[in-house]
Amino acid sequence: MYKKILISFVLMMLILVCLYKWKTYVSKPIIVSDLNPKIAAKTFEDKVYLYKAGKLPSSCKLNSPMACAVEFAVKCTLNPDFNGCRDSKLPKFIFMTDEALQRPTEMSFQIVKIKPISADLVEIHTDSTCDGNWFGLCQGRIIYVLTPLGEGWRVKDIYAIEI
């Protein structure tokens, strides 16, 4: 009886060890900086970018496609009728129109950290200020979740955290 249990236990352990070896052999870790060196190598100076609803620049002058995606989301937050906003795949709450939401007319952000999550998902942490409330998504530490879109990036989601 004990012999059968011992043999079963040894076989089960052997199978588990083989599965673990196979898993580590087959699946290599994804290093985002190897796939896209622009993510890890990009550093941002301590610069604050300020935007006003009436004076939005038509093009992005930032030095990164990811920073330009954040800038575009900010522009669309300030003015949902800005060129290209309605056709973009930004989160739908950006286009809500209700006076109670207190849409900002002036907004600034400073990129604090770029955090790669996977090969196709990056978080950009910003310190932001605004003159409205806007779901609490324009004051404090705001995180923009980005995904690739063709040659550039797009904002998939926005959320805030307390620091």
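Trainee: What are the ground rules?
Mentor: This is a predicted model, so to speak of cut-offs: local features need pLDDT of at least 70, side-chain atom pairs count only at pLDDT 80 or more, and totals for chains, interfaces and linings use all residues. Residues are numbered from 1 along each chain as its sequence is written, and side-chain values use heavy atoms, with hydrogens and water left out.

Trainee: How many disulfides does the structure hold?
Mentor: It holds 3 disulfides. A disulfide here is a pair of cysteine sulfur atoms within 2.5 Å.

Trainee: What pattern do they follow?
Mentor: The pattern is 1-2, 3-4, 5-6, with bonded cysteines counted along the chain.

Trainee: Which cysteine is joined to cysteine 60?
Mentor: Cysteine 68, with S to S at 2.0 Å. The torsion about that S-S bond is about -85 degrees, so the disulfide is left-handed.

Trainee: And cysteine 76, what is it joined to?
Mentor: Cysteine 85, with S to S at 1.8 Å. The link of cysteine 76 and cysteine 85 is left-handed, with -90 degrees about the S-S bond.

Trainee: Is the disulfide of cysteine 130 and cysteine 138 left-handed or right-handed?
Mentor: Right-handed, because the torsion about its S-S bond is about 45 degrees. The S to S distance for cysteine 130 and cysteine 138 is 2.0 Å.

Trainee: Are cysteine 76 and cysteine 85 buried or exposed?
Mentor: Cysteine 76 counts as buried, at 0% relative accessibility. Cysteine 85 is also at 0% and counts as buried. Buried means under 20% relative accessible area, exposed over 50%, and partly exposed in between (1.4 Å probe, protein chains only).

Trainee: What about cysteine 130 and cysteine 138?
Mentor: Cysteine 130 is buried at 16%, and cysteine 138 is buried at 0%. Cysteine 60 is partly exposed, with 29%. Cysteine 18 is partly exposed too, with 47%.

Trainee: New topic. Where does helix α4 run?
Mentor: Helix α4 covers residues 65-78. Helices (H or I, at least four residues) and strands (E, at least two) are DSSP runs, numbered from the N terminus.

Trainee: What span should its 14 residues have?
Mentor: At 1.5 Å a residue, they should span 20 Å, and the end C-alpha atoms of α4 are 20 Å apart, which agrees. The expected span is 1.5 Å times one less than the number of residues.

Trainee: How many residues of α4 are buried?
Mentor: 12 of the 14, so α4 is largely enclosed by the rest of the structure. Among them are Met66, Cys68, Glu71, Lys75 and Cys76.

Trainee: What sits at the start of α4?
Mentor: A side-chain oxygen of serine 64 reaches to within 3.2 Å of the backbone nitrogen of methionine 66.

Trainee: Now the surface. Which residues make the nonpolar patch?
Mentor: Leu6, Phe9, Val10, Met12, Met13, Ile15, Leu16, Leu19 and Trp22 make a nonpolar surface patch of about 950 Å². Patch residues have over 30% relative accessible area and no salt bridge; like charges are joined within 9 Å, nonpolar side chains (Val, Leu, Ile, Met, Phe, Trp, Tyr) within 5 Å. A salt bridge is a side-chain nitrogen of Lys or Arg within 4 Å of a carboxyl oxygen of Asp or Glu.

Trainee: Where is leucine 6 placed?
Mentor: In helix α1, residues 2-26. Leucine 6 is exposed, with a relative accessible area of 54%.

Trainee: Last one. Where is leucine 121?
Mentor: In strand β3, residues 121-130. Leucine 121 counts as partly exposed, at 21% relative accessibility. Its C-alpha atom is separated by 10.0 Å from that of valine 155, 34 residues apart along the chain.

Terms used: Accessible areas come from the Shrake-Rupley method with a 1.4 Å probe; for residues, only the protein chains shown count as cover. A polar contact is a pair of N or O atoms within 3.5 Å; within protein, one must be able to donate a hydrogen and the other to accept it, and residues adjacent in sequence count only if both atoms are side-chain atoms.
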